[in-house]
Amino acid sequence: PNKIKLDIEYEDKDLIIINKPKGMVVHPGAGNYKNTLANGLIYKYRNQLSNINGELRPGIVHRLDKDTSGLMLVAKDDYSHRYLSKAISLKKIDRIYTTFVWGVPKRNEDTINLNIGRHPKDRKKYAVVNEESGRYACTHWKLIENLGNFSLPKFKLDTGRTHQIRVHSAHIGHPIIGDQTYSRCKKLPIKLSGQALHAVELGLIHPITL
């Protein structure tokens with residue numbers, strides 16, 4: 001447990017919605033054993049979280065990348081955890097992201113249906129791969145504003161593959177600004193550390209409000 005200030009947007013007896021800050025790792029892993037979101041949750045809630053994913057991921061229903069900020073679901077009990085996980089798999093939870101990308105898309109909206117798997121040359125990265133490998137990934141996007149050399153779109157996920165929005169955006173020629181993994185080095189219009197990607201909205205039916 002680590003005493004960490006958590007930005008809680010909503011909480012009841014069944015679930016918590018947390019606004020994860022940029023730069024925070026979600027759960028302990030290689031090189032990150034302290035000051036993760038999981039460490040903070042254990043300190044604040046002790047035994048009041050679901051344990052489906054084990055003690056290192058207490059109540060965590062889905063993840064965000066370290067440098068992606070925004071809303072995350074945390075379940076307080078096993079029933080809520082199973083319900084929310086199934087709802088995500090059945091595409092019944094809307095996960096909306098906003099970001100800044102390089103360039104201006106030719107269309108105002110579109111859907112990207114492209115499999116994602118490990119990069120064939122760099123195992124630390126992911127890439128769009130052929131239909132016979134990787135895992136199916138679906139991303140819907142819509143242009144909010146044209147800002148000249150870059151744009152402000154919003155994304156809706158049907159699937160939750162690792163780095164999905166970042167990989168799909170880069171593949172269609174509009175990488176996310178500040179993404180040091182999938183965007184080539186360019187002079188940034190604003191000062192950033194890491195990608196400008198924020199989980200801005202969650203839409204769901206409450207586990208108990210059936």
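Modeller: The model is a predicted one. L73 is located in strand β3, which covers residues 69-75. L73 counts as buried because its relative accessibility is 0%, the limit for that class being under 20%. Neighbours within four places in sequence aside, L73 touches I16, I17, G59, I60, V61, H62, L84, I93, L202 and L204. D7 lies 66 residues from L73 in sequence, and their C-alpha atoms are 12 Å apart in space.

The wider packing comes next. The largest nonpolar core comprises 26 residues, and L6, I18, L37, L41, Y97 and I165 have the most contacts inside it. At least two residues of this core come from each of β2 (15-20), α1 (37-45), β3, β9 (138-146), β10 (150-157) and β11 (197-203). The greatest contribution is that of α1, with four residues. Another core, of eleven residues, lies apart from it and includes I17, L71, I93 and L202.

Two bridges link β3 and β11 in the parallel sense, and S69 stands opposite H198 of β11. Strand β4, residues 94-99, runs antiparallel to β11 and is joined to it by six bridges. Y97 has A199 as its bridge partner in β11.

Methods: Residues numbered from 1 in each chain as written. Predicted model: local features only at pLDDT ≥ 70, side-chain atom pairs only at ≥ 80, totals over all residues. Heavy atoms only, no water. Buried < 20%, exposed > 50% of the residue type's maximum accessible area, 1.4 Å probe, protein only. Contact = heavy atoms within 4.5 Å. Core = buried A, V, L, I, M, F, W, Y, C linked by side-chain atoms within 4.5 Å. Pairing = 2+ DSSP bridges.
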